[in-house]
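Here is a short briefing on the structure shown below. Keep the model open while you read.

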Amino acid sequence: MAQVGITSQVAAEQDGAGATNAKPVVAQNLIKEFGELVAVRGIDFEVRPGECFGFLGPNGAGKTSTMRMITCASPVTSGSLLVNGMPVQTQARAVKSIIGVVPQGDNLDDEITVIDNLRLYAGYFGIGRAEANTRARSALELFQLADRANSKVDELSGGMKRRLLIARGLINEPSIIVLDEPTTGLDPQARHLVWRTLRRLKDQGVTMLLTTHYMDEAATLCDRLIVMHEGRILAEGTPLELIRRIAGETVIEAHSLDVAALDRIAEHLRDAGAEIEQTPDTVHAFGLNGTDVTESNVHGAQIYSRPANLEDVFLRLTGRGLEE
Amino acid sequence: MLLTPERVPFGFRVWRRNWTVFKKFAMAEVGPLFVEPLVVLGAMGIGLGAYVSLSGDESYVQFIGPGIVGGYSLFAAFFECTYGSYTRMAIRGLYEAMIATPLSIEDVITGEVLWGATRSVFSATVILFVLTVMGFVDSPLAILIPPLAFLGGILFSSMALLVTAHAPSFWTFNYAITLGVMPMYFFGGVFFPLERYPDVVRELAWIIPLTPYVAVIRELVAGSLSMTTVWGLLYLVVLGAAFYYLAVARMKARLIR
């Protein structure tokens, strides 16, 4: 009898999820203020079903604030934010029941075992005990943690904890999964394992929202992304579109500690029609597409050409200075 | 508005998490649960009691027994919802993890209050059991003490969570205990009858939530109910509702930005 009660409660909680045709996320003139500080300054974006949508930007750009509004962890100051057609302000419970959250920090429950972490988290969604146990077992299998089911959380490696966090975020079989820097602090093997997992989820049609500081991660995972800076969206598109539009095809890069040498190289490249960005030890030249410079030493500086990448886009848009 | 019947099942999900952890460490908890009140009953009741004469023919250990039931259920709820809740909230980040699920912060705090009240029931029941075995319980009405401990536990847990909501670190709780809980324990009618006080102080002592709580326990143990129980229960309910409301509001202010 109790079982029936709990099951019907889950159904009731997920009732709002019925609007399957709705866009996963639609933000219009979305604003977030913390007192005087304006973290998000009226942004608009739409996430399409089944895509992986990335939020890039330096620290303080407003990415995490935006994500926290989507996951109903932080109230919207003003504007409209719909998740599967439901306004987050009024339907938080229904929104949260169809979202899986993978936080940046490890907030696993370290007083209980690995499998209890999954079972109790399922319980928070109102998933009945038997079903929670089944889901927990299969999640551990899927994330290669089955032999750690009865370990304490603090006996796990960093990579295992991250896998457990992702497994936990999927326990409610969400249609949208929100990941905040999912591979920060992981070694390359663990990173690739996480990426593989995320690609598999995408194949299953799960919509993914992710923030990252790794441009290779954004390039390999994201179908579309936005670059944020100081609470605004500076650019939006597929990784390749953004690279072509903002950084072109080829970047010529010169390194030296000799500022005079860099100045001379910058001048030559500018004369050749390049757009120059210069820091005390580096020159980046954009716009000389197709130019091939084999690595060589010119005027006492190392110079070479390479294909433009997402990191170029990011730095061109958000600047090369350190802003904290 | 807050502790509504619809809220309870959501709070119960949080309660279940704490119960799961408690069961694992139950053996470590059960010992102190028995030992400490017994030490107090022994030292105060039998040791100090030899020098104490009460107005009736009641022994001192008989007098303080119900007070210890009240005092230790207060401690159980208060410690759980200060040190315990602060650890879950600030050290382990569990509240953050929980509110990423359909649970709201109101649900989480409700679950914590229900759990603190449960700990209060455990403590009260254990000591009541000991007192019964020792032959100090006169009335079958004492069976109502565990549910009363749940009600008192809701109040004490809510008071504790209100402190936790403002705590920058664990040190805050030392102040709360030294300046709040221990004075309640010593002046709330646990160790000596309120008649010892001058009239004004005696009236004021009823403001301390432990005073009516212990007074009701005394009447249940003795089996002689008076208006004290009616007013005491009313006061506990009203104060409990007020502190619960405040605790939720302040926790929301702390955690939701």
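How many bridges join strand 11 of chain A to strand 13 of chain A, and in which sense do the two strands run? Five bridges join them, and the strands run antiparallel. Bear in mind that this is a predicted model. The points below go from the whole of chain A to its sheets and helices, then to chain B.

**Chain A overall**

- Chain A holds 11 helices and 15 strands.
- Its C-alpha atoms fill a box of roughly 80 × 45 × 35 Å along the principal axes.
- Of the 324 residues in chain A, 43% are buried.
- Among contacts in chain A with a separation of 6 or more, 69% link residues 24 or more positions apart.
- Chain A is divided into domain 1 (2–242) and domain 2 (249–307).
- The centres of domain 1 and domain 2 of chain A, taken over C-alpha atoms, are separated by 41 Å.

**The six-stranded sheet of chain A**

- Six strands of chain A form an open sheet in the order 6-7-8-3-9-10, with mixed pairing.
- Strand 6 (99–102) and strand 10 (232–237) of chain A stand at the edges. Each has a single partner strand, so one side of each is left without a neighbour in the sheet.
- From one strand to the next, the twist averages 15 degrees.
- Strand 3 (residues 52–56) and strand 8 (residues 207–211) of chain A pair in the parallel sense, over four bridges.
- Within strand 8 of chain A, Thr211(A) is the residue that stands opposite Phe55(A).
- Helix 11 (residues 310–318) of chain A lies across strand 3, strand 9 (224–229) and strand 10 of chain A. Helix 11 runs at about 30 degrees to strand 9 of chain A.

**Pairings of strand 11 in chain A**

- The partner in the opening question, strand 13 of chain A, covers residues 282–286.
- In strand 13 of chain A, Ala285(A) is found opposite Ile252(A).
- Strand 11 (residues 250–255) of chain A also pairs with strand 15 (residues 301–307) of chain A. That pairing is antiparallel and has six bridges.
- Gln302(A), in strand 15 of chain A, is the bridge partner of His255(A).

**Helix 7 of chain A**

- Helix 7 (residues 188–203) of chain A has 16 residues. At 1.5 Å a residue they should span 22 Å, and the end C-alpha atoms are 22 Å apart, which agrees.
- Gly205(A) follows helix 7 of chain A and has a positive phi, near 90 degrees.

**Helix 6 of chain B**

- Helix 6 (residues 145–166) of chain B has 22 residues. From first C-alpha to last, helix 6 reaches 31 Å, close to the 32 Å expected at 1.5 Å a residue.
- What is the setting of helix 6 of chain B? Of its 22 residues, 17 are buried, so helix 6 is largely enclosed by the rest of the structure.

**Where chain A meets chain B**

- Chain A puts 25 residues into the contact, and chain B puts in 20 residues.
- On the chain A side, the elements that give two or more residues are helix 1 (2–13), helix 3 (92–98) and helix 4 (114–124).
- Helix 4 of chain A gives the most to this side, with five residues.
- By class, the side of chain A that touches chain B has 10 nonpolar, eight polar and seven charged residues.

Key
Residues numbered from 1 in each chain as written. Chains lettered and ligands numbered in written order. Predicted model: local features only at pLDDT ≥ 70, side-chain atom pairs only at ≥ 80, totals over all residues. Contact = placed C-beta atoms within 7 Å. Nonpolar A, V, L, I, M, F, W, Y, C, P; charged D, E, K, R; others polar. Pairing = 2+ DSSP bridges. Axes fitted to C-alpha atoms, helices over the stretch in contact; angles between N-to-C directions. Expected span 1.5 Å × (residues − 1). Buried ≥ 20, exposed ≤ 12 C-beta atoms within 10 Å, placed from the backbone. Domains from an automatic or database assignment.
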